Amino acid sequence: IDDAKAKALEFLNSRGFTSMASTYYIDENNIATINFAYTQDSVTIYPDLIKVSVTMDNGDIIGFESAGYLFSHEKRSITTPKVSVEEAKSNINQDLNPEYSGLAIIPTDVKTEVLVHEFKGKVDNRDFIVYINAETGKEENILIIINTPNGILTI
């Protein structure tokens, strides 16, 4: 999968899609579909998503889906969070011991975007991502990370 990610990233860079970071992937029928999110100023911009499909046997690019990126991408004015990472962490489940934290922009149900503190960690051997609003400190969303034999999915 690392080779497929490298091929997909090379494909994106060669076409002017820079500052992209791989997030999740699925490998089905010997085809890896890798999700990439744009990053700006070390903030992961999830609405600017691109999916690239790569054959696992020879590394050919056979799929490219960029609707999220094309409809959402713009240079954003990212404000300094009003809520510190420590304050945001105090608002997550105390059983979740974050292995990663960072800033991200996520889409909302009402077609807007919100700056959040993103925490990834485990509770009872299950992987979670918790998003805490960086302006209000309120929980925006929780995702369960599913590690399957075919890849990493979120629900």
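At 15% relative accessibility, Tyr46 falls in the buried class (buried is under 20% relative accessible area, exposed is over 50%, and partly exposed is in between, with a 1.4 Å probe and protein chains only). Tyr131 is buried as well, with a relative accessible area of 4%. The model is a predicted one, so local features need pLDDT of at least 70 and side-chain atom pairs count only at pLDDT 80 or more, while totals for chains, interfaces and linings use all residues. Residues are numbered from 1 along each chain as its sequence is written, and side-chain values use heavy atoms, with hydrogens and water left out.

Now for the overall layout. The chain has three helices and nine strands, which are DSSP runs numbered from the N terminus (H or I with at least four residues for helices, E with at least two for strands). Going along the sequence, the order reads α-β-β-β-β-α-α-β-β-β-β-β. A compact globule with 155 residues would have a radius of gyration near 15 Å, and the 16 Å of the chain agrees with that; the radius is taken over C-alpha atoms, and the globule rule is 2.2 Å times the number of residues to the power 0.38. Along the principal axes, the C-alpha atoms fill a box of roughly 45 × 40 × 25 Å.

Of the 155 residues, 39% count as buried. The accessible surface of the chain is about 8,900 Å², and carbon and sulfur atoms hold 47% of that; areas come from the Shrake-Rupley method with a 1.4 Å probe, and for residues only the protein chains shown count as cover. Among contacts with a separation of 6 or more, 43% come from residues 24 or more positions apart, where contact means heavy atoms within 4.5 Å. As for charge, the chain has 13 positive and 23 negative charges, and their mean positions are 3 Å apart. Lys and Arg count as positive and Asp and Glu as negative, with His and the chain ends not counted; each charge is placed at NZ of Lys, CZ of Arg, CG of Asp or CD of Glu.

On to the rings. The structure holds five aromatic pairs, a pair being rings of Phe, Tyr or Trp (its six-membered ring) with centres within 6.5 Å, called stacked when the planes are under 30 degrees apart, edge-to-face when over 60, and tilted for the rest. Phe17 and Phe64 have ring centres 5.6 Å apart and planes at 55 degrees, so this pair is tilted. The pair links distant parts of the chain, with Phe17 in the loop between α1 (2-14) and β1 (20-28) and Phe64 in strand β4 (residues 61-65), 47 residues apart. Phe17 is buried at a relative accessible area of 13%, whereas Phe64 is partly exposed at 37%. The pair of Tyr46 and Tyr131 is edge-to-face, at 6.4 Å centre to centre and 75 degrees between the planes. Tyr46 sits in strand β3 (residues 43-55) and Tyr131 in strand β7 (residues 126-133), so the two tie together parts that are 85 residues apart in sequence. Ring pairs also link Phe11, Phe17, Tyr38, Phe64 and Tyr69 into a cluster.

Leu12, in helix α1, is buried at 0% relative accessibility. Leaving aside neighbours within four places in sequence, Leu12 is in contact with Phe17, Met20, Phe36, Ile50, Val52 and Phe64. Lys51 is 39 residues from Leu12 in sequence and 10.0 Å away in space, C-alpha to C-alpha.

At the other end of the story is Thr154, in strand β9 (residues 151-154). Thr154 counts as partly exposed at 32% relative accessibility. With neighbours within four places in sequence left aside, its contacts are Tyr24, Leu143, Ile144 and Ile145.

Finally, the backbone. Lys111 is a residue other than glycine with a positive phi, near 65 degrees. Lys111 sits in the loop between β5 (97-107) and β6 (113-123) and is exposed, with a relative accessible area of 78%. Asp124 likewise has a positive phi, near 50 degrees. Asp124 belongs to the loop between β6 and β7 and is exposed at 74%.
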